[in-house]
Amino acid sequence: IDIFARVKEAIPNAVLDMVGPYDQAWHDVIAQRCEQLGISGSVVMHGLQQDVSRFYRNASLFLHTSSTESYCLSLYEAKAWALPCVMYELPFLELAKNGERGGVVSVPHRDIKSAANACIRILTNPKTRAELGTASRQDMKPFLEFDEVEFWDDVIASLRIKRSLPQRKGKHRLVEIAFR
């Protein structure tokens, strides 16, 4: 909310759509902070949504402020929709490792000013926004082209055969070991 308040100062017509589950206590805290900052009319809390495509389709960028993630599905979705992404540094995330070459602008954790400045830079420069959006989508190609059904079919089929483990690398080997 504090990041968006700074964005709103620079871009008066900006709107923040917040999507995801929350309880009443969380809603009240967010609503109170928005009121304190004078941005209540520009922050919309949509709650849990079954279909989030309209939010991605209408967004100009994706702001992610989680400080921990193991696999960030919302980042995956945002990049698939060719959105530039601003987030706190999570260098261990496969989806964020390419930085701006992959459409992701990372800033230090809890650095509100840097996050707001990154959002403002993207939102006020159509060329930058387009370049980061294109990079975001391009960075997703290996993930989007990965045949998950074939992968899991192969893993499950390999479990039916009694043999020593092959010398595979990466996730194929990890999954086989886990299943065995």
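How do the axes of α4 and α6 cross, and within what distance do they come? The views below show a predicted model, in which local features need pLDDT of at least 70, side-chain atom pairs count only at pLDDT 80 or more, and totals for chains, interfaces and linings use all residues. Residues are numbered from 1 along each chain as its sequence is written, and side-chain values use heavy atoms, without hydrogens and water.

**View 1. Crossing of α4 and α6**. The two axes (lines fitted to C-alpha atoms, for helices over the stretch in contact, with angles from 0 to 180 degrees between N-to-C directions) come within 8 Å and cross at roughly 115°. Helices are DSSP runs of H or I with at least four residues, numbered from the N terminus.

**View 2. Contact of α4 with α6**. On the α4 side, Y76, K79 and A80 meet S136, R137, D139, M140, F143 and L144 of α6 (contact: heavy atoms within 4.5 Å).

**View 3. Aromatic pairs of Y76**. Rings of Phe, Tyr and Trp (its six-membered ring) pair if their centres lie within 6.5 Å; planes under 30 degrees apart are stacked, over 60 edge-to-face, and the rest tilted. Seven aromatic pairs are found in the whole structure. Among them, Y71 and Y76 form a tilted pair, 6.1 Å centre to centre with 50° between the planes. Y76 and F143 pair edge-to-face, at 6.4 Å and 80°. Y76 belongs to α4 (residues 73–80) and F143 to α6 (residues 126–145), so this pair ties together parts 67 residues apart in sequence.

**View 4. Aromatic cluster**. Y56, F62 and W81 make up one cluster.

Technical notes
Helix = DSSP H or I, 4+ residues; strand = E, 2+ residues; numbered from the N terminus.
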